[in-house]
Amino acid sequence: MADILYKGAQNADMKLIDMGDTTFANRVEAHPPLKLMTDDNGDYSRMRVDVGQTGFFAGREARTFYEFSIASGATQVIKVVAPTDTIVQQLSIDLYLSEIRLELLIGGTEGGTFATPLPIFKTNTMSTASNYVPQVTMNRGGTHTGGTVVDLIQTLTDTNPNKATPAGASEDSPQGFATGTFYIRLINTDGATATGIFRARWEERP
């Protein structure tokens, strides 16, 4: 037995495949959706494999930074309001001088006014990203006491600006949080003014 060629609807060429057991079956070629292929499905097309989460390409990942200068023994507090489920992907500190303790907290008592917003940027602003607008807000300026520490980062360098070597520390394990209000305390635990940059990156899951 052998494959059979025949004419189908609208005179299309069709083929019945010899299954080797005295039966035949229509030939069917499986093909993934073209949007999953590279090279516009040309001669060099391959399955598209992108580095990054779906949220990045959908425009639901965001980031912020805060360049700080905190006097000896002082604390800067950042109030975070998340109106949607959020996956914190990274918290980090680049420290140029002194010693900093970063605390991520829930609960506690706030005071004063959090009136200075941190800049928030989408991590993906390519033309193919969605028009999603980040909902998480971060503001500093107030105070905060108590609460439960749910994550902690601490880093230090020299207190002598002539000898200090920049130091960095980060938390890169994803952490999921439900809608809520959170606080980030940056505490200078050393005797010199602490200078550096705080950074955060997250994905929103509305």
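This is a predicted model: local features need pLDDT of at least 70, side-chain atom pairs count only at pLDDT 80 or more; totals for chains, interfaces and linings use all residues.

Guide: A place to begin is E103, whose bridge partner in β16 is R185.

Visitor: How do you know that strand β7 and strand β16 pair?
Guide: Two strands pair if at least two bridges are found between them. Strand β7 (residues 99–106) and strand β16 (residues 180–188) are joined over 7 bridges, in the antiparallel sense, so they count as paired. Across these strands, I100 stands opposite N188 in β16.

Visitor: What makes β5 and β16 a pair?
Guide: The cut-off is at least two bridges. β5 and β16 have 8 bridges, again antiparallel, so they pair. V80, for one, has F182 of β16 as its bridge partner.

Visitor: What is the order of the strands in the open sheet?
Guide: The sheet has 6 strands, in the order β9-β11-β5-β16-β7-β13, with antiparallel pairing.

Visitor: Why are β9 and β13 called edge strands?
Guide: β9 (116–117) and β13 (148–156) each pair on one side only.

Visitor: Why is β16 called largely enclosed?
Guide: A residue is buried when its relative accessible area is under 20%. In β16, 7 of the 9 residues are buried, so the strand is largely enclosed by the rest of the structure.

Visitor: What does I184 touch, leaving aside residues up to four places away in sequence?
Guide: Contact requires heavy atoms within 4.5 Å. On that basis I184 touches Q76, V77, I78, V80, L102, E103, L104 and F198.

Visitor: Which residues touch the most other members of the largest nonpolar core?
Guide: They are F68, I78, I93, I100, I184, L186 and F198, in a core of 27 residues. Elements giving two or more residues to this core are β4 (61–70), β5 (75–82), β6 (85–97), β7, β16 and β17 (194–205).

Visitor: How many cavities of 30 Å³ or more does a search of the whole structure find?
Guide: The search finds 1. About 170 Å³ of space lies in the largest cavity. Among its 15 lining residues, V80, T86, V88, L104 and M138 are the closest to its centre.

Visitor: Why is it called a cavity?
Guide: A cavity is a space where a 1.4 Å probe fits but cannot get out.

Visitor: Which element gives the most to the lining of the largest cavity?
Guide: β6 does, with 4 residues. By class, the lining has 12 nonpolar, 2 polar and 1 charged residues.

Notes. Residues are numbered from 1 along each chain as its sequence is written. Side-chain values use heavy atoms; hydrogens and water are left out. A nonpolar core is a set of buried Ala, Val, Leu, Ile, Met, Phe, Trp, Tyr and Cys residues joined through side-chain atoms within 4.5 Å. Buried means under 20% relative accessible area, exposed over 50%, partly exposed in between (1.4 Å probe, protein chains only). On a 1 Å grid over the protein atoms alone, a cavity is a set of points where a 1.4 Å probe fits but cannot get out, and a pocket is an open set with protein on both sides within 12 Å along at least five of seven lines; lining residues have an atom within 4 Å of a point. Grid points are joined across faces, edges and corners, and a volume is the space filled by probe spheres set on the points. Ala, Val, Leu, Ile, Met, Phe, Trp, Tyr, Cys and Pro count as nonpolar, Asp, Glu, Lys and Arg as charged, and the others, Gly among them, as polar.
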